[in-house]
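Hi,

Here is the structure I promised to send over. Have a look, and my notes on what turned up follow below.

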Amino acid sequence: MPRPGLPRLIATDLDGTLVRSDNTVSAYTHQVLDRVRAAGIPVVGATGRGPRLTELTRNDIRAADFLVMAGGGRVVDQSDPSGPVVLRDERLSGEALAKVLTALENEVGPLTVMVEALDGHDAPLWGDFDPAWPYPERVVPRTRDDCLAVDVIKAFARTPDHDVDTLLAAARRVVPPSLATVTQAGLGFIEICPPGTDKASGLAVVAQVLGIDPADVLVFGDMPNDLPMFEWAGWRRVAVSNAHPSVRAAADEIALSNDDDGVAVYLDRLLSAS
């Protein structure tokens with residue numbers, strides 16, 4: 001059990017929050033997270049990254065007892081001595097995704113669409129290659145019909161005629177939550193996920209396994225896809241200083257930026273004060 005005055009569970013976003021702009025995590029951050037675990041507090045990495053990036057994710061948050069991935073659709077227990085256990089694996093049907101894309105294109109015009117359908121290590125995305133995609137990942141060209149022929153982990157969509165927040169607002173107007181969850185994670189694309197899937201629902205799986213109340217959970221984040229866990233967690237919600245304005249507005253406190261190891265500095269002070 002953690003010491004009095006500390007949360008019982010800590011969850012942090014990765015890209016833009018724990019991970020620095022050069023895509024590294026400092027030795028200091030790893031050391032502080034190890035101290036968190038030594039204090040009896042489980043650590044959760046809560047990320048939009050899909051399961052194809054599990055190895056990278058584990059390397060970026062080595063202290064994590066659990067991973068909430070794909071924006072909440074994949075939850076992995078890493079604390080089992082016999083090996084990782086998948087606790088949740090949600091998919092969006094091609095039929096549902098087709099309805100989402102039709103509704104959205106009727107609203108904003110043609111979209112560039114990529115889908116994440118495979119969960120093997122470094123598996124490619126499928127669909128429309130878009131030079132605005134910020135990562136050097138392989139995108140295998142596939143027709144829209146081919147992309148919609150399978151269930152997907154999530155889809156990414158973009159139009160050059162709308163900035164990502166405007167596109168997200170349009171998607172939320174025309175896509176009912178019962179059909180899909182729409183969000184954005186700072187990539188310039190909206191993300192289309194299975195209905196009922198977000199970081200809060202993924203964290204709720206972890207909390208249930210551990211018997212921890214949301215009121216005892218501390219979370220860190222920087223982008224709109226972190227807002228559900230900010231609404232769910234009750235111990236404290238902390239945004240890094242480089243966070244999206246909506247996340248800063250929802251936060252109880254503002255930490256230093258990701259490039260200044262804001263999460264680690266905050267946790268270091270928290271542990272030292274308890």
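The largest nonpolar core has 54 residues, and L218 and L267 make the most contacts inside it. By nonpolar core I mean buried Ala, Val, Leu, Ile, Met, Phe, Trp, Tyr and Cys residues joined through side-chain atoms within 4.5 Å; buried is under 20% relative accessible area, exposed over 50%, partly exposed in between (1.4 Å probe, protein chains only). Helix α9 (residues 262-273) supplies the largest share of this core, six residues. Helices here are DSSP runs of H or I, at least four residues, numbered from the N terminus.

Another core, of 28 residues, lies apart from it, and includes V113, V115, A170 and I192.

Keep in mind that this is a predicted model: local features need pLDDT of at least 70, side-chain atom pairs count only at pLDDT 80 or more, and totals for chains, interfaces and linings use all residues. Residues are numbered from 1 along each chain as its sequence is written, and side-chain values use heavy atoms, with hydrogens and water left out.

On to the cysteines: the whole structure has zero disulfides (sulfur pairs within 2.5 Å). C193 has its closest cysteine sulfur in C147, 16 Å away, so that is too far for a bond. Both count as buried, C147 at 4% relative accessibility and C193 at 2%.

Last one: T54 sits in helix α2 (residues 54-60) and is buried at 15% relative accessible area. A polar atom of the T54 side chain lies 2.6 Å from the backbone oxygen of P51. Beyond residues up to four places away in sequence, T54 touches L67 and M69 (heavy atoms within 4.5 Å).

Cheers

Note on methods. Helix = DSSP H or I, 4+ residues; strand = E, 2+ residues; numbered from the N terminus. Polar contact = N/O pair within 3.5 Å; in protein donor to acceptor, adjacent residues only side chain to side chain.
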